[in-house]
Amino acid sequence: NVQIDYLCKKISNMTEDISPKRTELAELGEFGLIDRLTAGLKLFNESTLKGVGDDCTVIDHGDHVSLITKDLLVEGVHFDLSYAPLKHLGYKAAAVNISDIVAMNGKAEQMLVGISVSNRFSVEALEELYAGIRLACERYQVDLAGGDTTSSASGLFISVTVIGRALKDEVIYRSTARQNDLICVSGDLGGAYMGLLLLEREKQVYKANPQMQPDLEGFDYILERQLKPEPRTDVLEKLRDAGIRPTAMIDISDGLASEILHIAKDSGLGCRIYENKIPVDIVTAEVAAEFQIDPITAAMNGGEDYELLFTADVNDFEKLKELKGIHIIGHMTEKAEGEYLISEGGSLYPIEAQGFNHMRDKQE
């Protein structure tokens with residue numbers, strides 16, 4: 001028996017020595033995983049102008065390009081049906097993909113929707129979901145042109161692909177910011193995150209006492225920011241009318257910190273963002289105070305605002321100042337200067353991406 005135990009331990013140790021190291025998804029997170037899986041990826045077709053690494057894939061068609069983006073939404077990870085109405089969910093699933101096309105300075109034209117659904121859902125429930133998708137398509141003049149439907153063992157999965165179009169020389173990438181460019185953002189930030197926290201709080205109250213009604217009076221703005229975001233097509237029109245062409249652009253899905261780091265990294269630059277310049281709505285600030293959260297933290301790391309973050313030539317400063325709803329929040333620097341948030345007191349804090357990461361926050 002002693003010899004058998006010894007041999008078993010010996011074989012176990014040998015197996016450990018030859019087994020490949022297991023890396024947990026949580027160690028890398030979403031963007032680290034993408035970098036790992038696509039490292040050294042070779043493009044075989046000259047028509048692929050941009051593959052992995054921006055809001056959209058860019059396909060060359062001569063004088064114009066196709067912009068293609070895809071998103072996968074998973075129940076229990078990206079949405080909670082206990083407080084997300086199916087019609088709102090359908091609208092949001094469509095809108096956030098249209099937002100990716102907008103972030104490349106393009107016009108969304110076609111949409112493909114795939115759903116995988118369990119028998120927990122009725123036909124009427126799926127009609128509600130598609131009513132929201134169709135409403136977004138109608139509002140932004142996008143053709144719902146196809147997709148796929150299949151069954152799932154549990155829950156709801158939504159896959160949306162949107163195809164857009166832009167003139168070849170008008171596409172705006174996240175990798176083309178320049179040193180001394182102004183950093184600008186549309187709208188206000190942090191509202192979607194505070195809306196999410198509010199919904200989560202009321203869900204917990206309801207679970208503790210189903211007789212309690214949700215206390216959501218007066219919070220329409222932040223709830224809409226979370227449940228029914230809008231792609232900022234109007235911002236593109238506003239910039240065009242003012243004669244301003246962003247040098248780099250991205251939409252804010254994962255928080256201001258994460259997105260400015262994408263622009264800085266991909267452009268080979270550093271950045272400075274000023275805390276007192278970051279736009280926060282008054283309701284967002286009030287709810288943040290109630291949750292004992294710094295509203296700037298919500299703006300930097302909350303995500304799902306789907307505002308546009310862009311850089312612009314410093315010579316456009318006066319034009320940008322005149323545009324309502326556009327805020328100049330900082331500037332790009334040389335890479336060696338790093339990426340920092342400057343507090344009202346003048347202290348420098350390294351910008352770190354701490355927004356929602358489903359691979360880190362939700363593990364099997």
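Strands β2 and β3 (residues 64–74) run antiparallel and are joined by four bridges. They belong to a predicted model of a protein chain with 12 helices and 13 strands. Elsewhere in the chain, seven strands form an open sheet with mixed pairing. Buried residues account for 46% of the 364 residues in the protein chain.

- β2 and β3 make a hairpin, with three residues between the two strands.
- Gly 62, in the turn of that hairpin, has a positive phi of about 95°.
- Thr 57 has Ile 68 in β3 as its bridge partner.
- β2 (residues 57–60) also pairs with β1 (residues 48–50), in the antiparallel sense and over two bridges.

**The seven-stranded sheet**

- The strand order is β8-β10-β7-β11-β9-β12-β13.
- β8 (248–251) and β13 (348–350) are the edge strands, and each of them pairs on one side only.
- On average, neighbouring strands of this sheet are turned by 25° against each other, direction ignored.

**Strand β10 and its partners**

- β10 (residues 308–312) runs antiparallel to β7 (residues 182–186), and four bridges join the two strands.
- Val 185 has Leu 309 in β10 as its bridge partner.
- β8 and β10 also run antiparallel, again with four bridges between them.
- Here Asp 251 stands opposite Leu 308 in β10.
- How many residues of β10 are buried? Five of its five residues are, and the strand is described as mostly covered.
- The cover extends to both faces of β10: Leu 308, Phe 310 and Ala 312 are buried on one side, and Leu 309 and Thr 311 are buried on the other.

**Helices against the sheet**

- Helix α3 (residues 86–103) lies across β8 and β10.
- The direction of α3 is at about 175° to that of β8.
- Helix α7 (residues 233–241) packs on the sheet and touches β7, β8, β10 and β11 (326–334).
- The direction of α7 makes about 20° with that of β10.

**Aromatic rings**

- A search of the whole structure finds zero aromatic pairs.
- The ring of Tyr 91 does have a charge over it: the charged end of Lys 228 sits there, 4.3 Å from the ring centre.

**Two glutamines with positive phi**

- Gln 141 is not a glycine, yet its phi is positive, at about 55°.
- The loop that holds Gln 141 runs between α4 (123–139) and β5 (143–151).
- Is Gln 141 buried or exposed? Its relative accessibility is 57%, so Gln 141 counts as exposed.
- Gln 292 likewise has a positive phi of about 55° without being a glycine.
- Gln 292 is located in the loop between α9 (282–290) and α10 (295–301).
- With a relative accessible area of 76%, Gln 292 is exposed.

- Lys 335 lies in the loop between β11 and β12 (339–342).
- Lys 335 is exposed, at 53% relative accessible area.
- Which residues does Lys 335 touch, not counting residues up to four places away in sequence? They are Gly 268, Leu 269 and Gly 270.
- Lys 335 and Leu 269 are 66 residues apart in sequence, while their C-alpha atoms are 3.9 Å apart in space.

**The chain as a whole**

- Among contacts between residues at least 6 apart in sequence, 84% join residues at least 24 apart.
- The protein chain has an accessible surface of about 19,300 Å².
- Carbon and sulfur atoms hold 51% of that surface.

Conventions
Residues are numbered from 1 along each chain as its sequence is written. This is a predicted model: local features need pLDDT of at least 70, side-chain atom pairs count only at pLDDT 80 or more; totals for chains, interfaces and linings use all residues. Side-chain values use heavy atoms; hydrogens and water are left out. Two strands pair if DSSP finds at least two bridges between them. Axes are lines fitted to C-alpha atoms, for helices over the stretch in contact, and angles run from 0 to 180 degrees between N-to-C directions. Contact means heavy atoms within 4.5 Å. Buried means under 20% relative accessible area, exposed over 50%, partly exposed in between (1.4 Å probe, protein chains only). Accessible areas come from the Shrake-Rupley method with a 1.4 Å probe; for residues, only the protein chains shown count as cover. Rings of Phe, Tyr and Trp (its six-membered ring) pair if their centres lie within 6.5 Å; planes under 30 degrees apart count as stacked, over 60 as edge-to-face and the rest as tilted. A charge sits over a ring if NZ of Lys or CZ of Arg is within 6 Å of the ring centre and within 35 degrees of the ring normal.
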